[in-house]
Amino acid sequence: MVRHVRTFFVILCILTISACKESRQNDGAADPVVLGYSQLGDESTWRTRNSFSITTAAQKAGIKIMFEDAMQDQANQIKALRSFIAYKVDVIAFSPLVETGWDTVLGEAKAAGIPVILVDRMIKTSDQSLYACALCSDFRREGRKAGEFLVKKYKNVSGPVNIVELAGTEESTPAIGRFEGFRDIISAHPKFRVIFSEDGDFMASKGRELMNKILDLYKPEEINVIYSHNDDMTFGAIEVMQASGIRPGKDIAIISVDMTQRSVDYLKLGVVNCIIECNPNSGAQVMELARKVVAGEPVPKRTYIDEQTFDEFGAVGNIPNRGY
Ligand code: AHR
């Protein structure tokens with residue numbers, strides 16, 4: 001049923017776009033740019049905001065968007081990309097669920113002459129000509145920021161400092177970058193020990209599951225730090241800790257990535273100790289890149305989005321409302 005409804009919407013969208021193109025041609029005005037956008041899912045608060053940013057920016061820029069949600073399934077994303085190629089959109093943008101497995105479909109887009117923009121996450125390929133440009137976060141830097149916070153927080157502690165890690169979707173760029181960047185820093189300090197690291201898929205429900213598992217394996221006093229790859233998993237873990245009488249931020253230090261409003265509130269309350277921003281508001285930049293690649297203008301191969309870090313050592317009172 002859900003599949004039929006989605007198919008209906010894609011067809012409707014395509015018909016609307018074709019009708020619109022036709023009427024534009026008839027009245028002599030320039031065709032609007034048509035963008036096929038494949039979002040990987042709706043797993044987190046960050047993702048919901050990102051989809052909002054993309055769709056509203058398209059509307060504002062006068063770009064016709066065919067927006068498809070792949071529901072965390074790479075096969076759905078590939079199917080969406082193929083439908084965009086079949087309908088000859090002007091440009092494709094997508095947020096790849098994982099890094100590998102894209103070469104064939106992107107080769108098809110290239111053969112059809114449709115430029116591709118990577119948004120949020122990267123792909124692993126030996127053929128860099130398969131995409132025109134990428135706009136994403138520097139996930140390795142985010143991981144390093146988490147490590148640097150720990151070095152500062154525990155500078156007068158001899159250790160061991162036991163860390164549990166709630167990791168993001170396996171094989172995804174943010175999970176890889178946040179894992180590696182964190183270790184770039186803590187590996188220079190043997191007192192830091194990652195005693196647990198598992199994939200929680202960036203979801204609150206999995207954060208809850210993982211935290212229950214961790215508390216089955218370890219006594220709370222054996223855990224010093226939780227390093228969570230996103231806020232939703234953090235929120236799930238916090239709920240479990242609080243239900244078990246553990247004071248998050250005090251008994252166990254918490255580092256979280258994303259910087260949604262709820263985590264900013266937690267930082268102010270001392271429930272979370274460090275938040276690293278991952279910026280979902282990329283819509284306007286995506287539309288600008290889309291216009292440029294369609295016009296054949298030069299664009300940088302990779303652009304990183306601006307991001308900040310806040311922790312218990314700085315002033316947190318004036319952080320502006322995040323809106324999500
Ligand atoms: O790729 C960005 C990450 O994906 C965000 O940190 C997370 O919340 C999302 O699901």
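In this predicted model, an N or O atom in the side chain of Arg178 is found 2.9 Å from an oxygen atom of the ligand.

The ligand sits in the largest cavity. Two elements, α2 (45–61) and α6 (173–186), each give two or more residues to the shell around the ligand. The shell includes Ser44, Trp46, Arg47, Arg121, Phe139, Pro174, Phe202, Asn230 and Asp258, along with Glu43, Asp120 and Arg178. By residue class, the shell consists of six charged, four nonpolar and two polar residues. Because domain 1 (2–137 + 280–306) and domain 2 (139–278) both contribute residues to this shell, the ligand lies between the two domains.

Two features of the backbone were also noted. Most peptide bonds are trans, and most residues other than glycine have a negative phi. The bond joining Gly159 and Pro160 is a cis peptide bond, with omega about 0°. Pro160 is placed in the loop between α5 (139–153) and β6 (161–167). Gln72, a residue other than glycine, has a positive phi, near 65°. The position of Gln72 is in the loop between β2 (64–69) and α3 (74–86).

Methods: Residues numbered from 1 in each chain as written. Predicted model: local features only at pLDDT ≥ 70, side-chain atom pairs only at ≥ 80, totals over all residues. Heavy atoms only, no water. Near = heavy atom within 4 Å. Polar contact = N/O pair within 3.5 Å; in protein donor to acceptor, adjacent residues only side chain to side chain. 1 Å grid on protein atoms, 1.4 Å probe; cavity = no way out; pocket = protein on both sides within 12 Å on 5 of 7 lines; lining within 4 Å. Sits in = over half its atoms within 2 Å of the grid points. Helix = DSSP H or I, 4+ residues; strand = E, 2+ residues; numbered from the N terminus. Nonpolar A, V, L, I, M, F, W, Y, C, P; charged D, E, K, R; others polar. Domains from an automatic or database assignment.
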